[in-house]
Amino acid sequence: MVVALFSTSFLSIKLYIYIPSSTPSHSLSPLHTLIFLLLLHFSSPKFISFFLLQSHGFFSQSEFVKEGVHLKFLELEEQTQYSLINASLLKMMYISGSLCLMESSPNTSDKKPLKRKKPIKLDDVRSNGWLDAMHSSSPPRKKIVKDFGVEIASDDTDVVYNSWMVKYPSALTTFEHILSHAKDKKIVIFLDYDGTLSPIVDDPDRAFMSADMRAAVKGVAEYFPTTIISGRSRDKDTSSVHHSSYVRSTDKQGKEVNLFQPAREFISMIDEVFRTLVDVTKDIPGAKVENHKFCTSVHYRNVDEKSWRTVAQLVHDVLKHYPRLRLTHGRKVLEVRPVIDWDKGKAVEFLLESLGLSNSDEVLPIYIGDDRTDEDAFKVLREGNRGYGILVSSIPKESKAFLSLRDTLEVAEFLKNLVKWKEQVDKKP
Ligand SMILES: O=P(O)(O)OC[C@H]1O[C@H](O[C@H]2O[C@H](CO)[C@@H](O)[C@H](O)[C@H]2O)[C@H](O)[C@@H](O)[C@@H]1O
């Protein structure tokens with residue numbers, strides 16, 4: 001015999017169920033049952049919301065008849081927490097992440113199967129900021145206003161750029177000021193390659209220095225110690241001199257020697273990762289992977305923006321297996337590099353030191369670069385209160401540099417001005 005008592009209170013409908021266990025169903029009179037239930041109702045503060053029970057299929061009768069009355073009620077209450085859950089509650093629990101409770105429900109066959117919340121893989125790259133960084137990683141193409149078929153650069157852009165230049169003055173217009181600090185000091189030049197000496201182009205294999213820039217770099221290198229610090233492998237940049245991953249110089253006989261090669265032990269690992277990245281990105285149109293020996297780069301400049309997240313996720317998934325490698329962001333490029341205490345800032349410090357140029361009273365370092373990796377070098381100069389960091393950018397952006405140049409044309413002009421000035425100084429008796 002099953003006797004149920006419903007009672008209403010202000011907020012909920014209560015239901016008690018009395019199921020005698022070993023007692024034969026006819027041994028308890030309906031009156032006794034009623035009295036018993038009334039007593040329980042007033043003595044027990046516990047209740048079960050009616051709507052929960054309504055959607056049941058939630059417990060088996062047999063379970064209940066095995067147990068004593070008191071136990072039944074306790075068990076019923078306990079059961080509610082696990083299985084007497086209607087659809088709306090399921091949803092709530094699902095959101096609050098208590099899915100494990102649902103799984104223990106014994107009778108859910110009449111309910112919609114529960115969908116376990118799958119870990120959304122892409123959350124990884126979204127929440128760790130990769131995607132944001134990818135979107136802000138390179139200036140957009142210059143905003144163009146089409147006016148009667150003639151393309152005019154937007155005035156608005158110039159206004160914003162000009163006010164940004166109050167904080168980062170042009171290295172061309174402040175040239176005299178730089179020179180005033182260079183008095184009696186040796187100027188040492190550090191140059192980034194992509195975006196600084198060669199304009200940013202879609203195909204990294206076609207990033208060349210113009211003849212004019214080549215002449216400017218050659219000229220400046222004749223008068224000042226000059227270093228190109230690039231993320232590229234040495235055989236890929238078309239210039240000479242030093243590289244951030246291995247620092248080379250010439251010995252007394254003019255033979256090239258390695259001064260420093262901080263990431264040698266990573267060469268085979270980088271190669272392995274390079275090959276894996278080539279493989280996993282092969283179906284993404286426009287993706288390009290480069291092997292720079294000490295780091296490997298995944299370019300997404302030519303990838304449809306809708307697929308950037310996929311690129312990020314693929315790189316992320318590969319990187320997970322290499323705790324000794326880390327990711328840095330460049331201009332529309334993801335760079336995978338060793339977790340070593342080595343960056344362009346360290347390269348500058350190392351070079352100044354090893355070339356005997358670390359005395360800031362005698363040396364004025366000038367570093368010109370456009371990318372995030374160049375910020376480490378700007379920081380070293382700013383914090384050491386020595387020399388000038390010059391950011392190459394056609395759009396306003398935050399930087400640790402002191403000065404700015406708009407593009408590679410202005411870089412060439414700046415280098416040529418240095419040469420002119422040096423020639424004049426040297427001519428003076
Ligand atoms: O340190 P850098 O010399 O600035 O090297 C950083 C990356 O430069 C290259 O990529 C960048 O230039 C490409 C050619 O203009 C452009 O297509 C790409 O979008 C830029 O990120 C180089 O190809 C990368 O491997 C370097 O990591």
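This is a predicted model: local features need pLDDT of at least 70, side-chain atom pairs count only at pLDDT 80 or more; totals for chains, interfaces and linings use all residues.

Modeller: Residues are numbered from 1 along each chain as its sequence is written, and side-chain values use heavy atoms, with hydrogens and water left out.

Colleague: How many helices and strands does the protein chain have?

Modeller: Helices (H or I, at least four residues) and strands (E, at least two) are DSSP runs, numbered from the N terminus. The protein chain has 16 helices and 15 strands.

Colleague: What percentage of the residues in the protein chain is buried?

Modeller: Buried means under 20% relative accessible area, exposed over 50%, and partly exposed in between, with a 1.4 Å probe and protein chains only. Of the 429 residues in the protein chain, 44% are buried. Accessible areas come from the Shrake-Rupley method with a 1.4 Å probe; for residues, only the protein chains shown count as cover. The accessible surface of the protein chain is about 23,700 Å², and carbon and sulfur atoms hold 56% of that surface.

Colleague: Which residues are closest to the ligand?

Modeller: A residue is near a molecule or strand if one of its heavy atoms lies within 4 Å of it. The ligand is surrounded by 21 residues, and the closest are Val 201, His 292, Arg 301, Arg 331 and Glu 335.

Colleague: Which atoms of Arg 301, Arg 331 and Glu 335 lie by oxygen atoms of the ligand?

Modeller: A polar contact is a pair of N or O atoms within 3.5 Å; within protein, one must be able to donate a hydrogen and the other to accept it, and residues adjacent in sequence count only if both atoms are side-chain atoms. In Arg 301, a polar side-chain atom is 2.6 Å from an oxygen atom of the ligand. In Arg 331, a polar backbone atom lies 2.4 Å from an oxygen atom of the ligand. In Glu 335, an N or O atom of the side chain is 2.2 Å from an oxygen atom of the ligand. On its own the ligand has 570 Å² of accessible area, and the protein covers 99% of that area.

Colleague: Which elements give two or more residues to the shell around the ligand?

Modeller: They are β10 (296–299) and β12.

Colleague: Where does Arg 331 lie, and is Arg 331 buried or exposed?

Modeller: Arg 331 belongs to the loop between β11 (325–330) and β12 (333–338). Arg 331 is classed as buried because its relative accessible area is 15%. The side chain of Arg 331 makes a polar contact of 2.3 Å with the side chain of Asp 370. Arg 331 and Arg 372 are 41 residues apart along the chain, and their C-alpha atoms are separated by 8.0 Å.

Colleague: Which residues are in contact with Thr 196?

Modeller: Contact means heavy atoms within 4.5 Å. Leaving aside neighbours within four places in sequence, Thr 196 is in contact with residues including Met 213, Ile 368, Asp 370 and Val 411. Thr 196 is in the loop between β5 (186–191) and α11 (211–223), and its relative accessible area of 0% is why Thr 196 counts as buried.

Colleague: Where is Thr 281, and what does Thr 281 contact?

Modeller: Thr 281 sits in the loop between α12 (267–280) and β9 (288–291) and is buried, at 3% relative accessibility. Apart from neighbours within four places in sequence, Thr 281 contacts Ala 287, Val 289 and Leu 314. Ala 287 lies in the loop between α12 and β9 and is partly exposed, with a relative accessible area of 21%. Val 289 is in strand β9 and counts as buried, at 15% relative accessibility.
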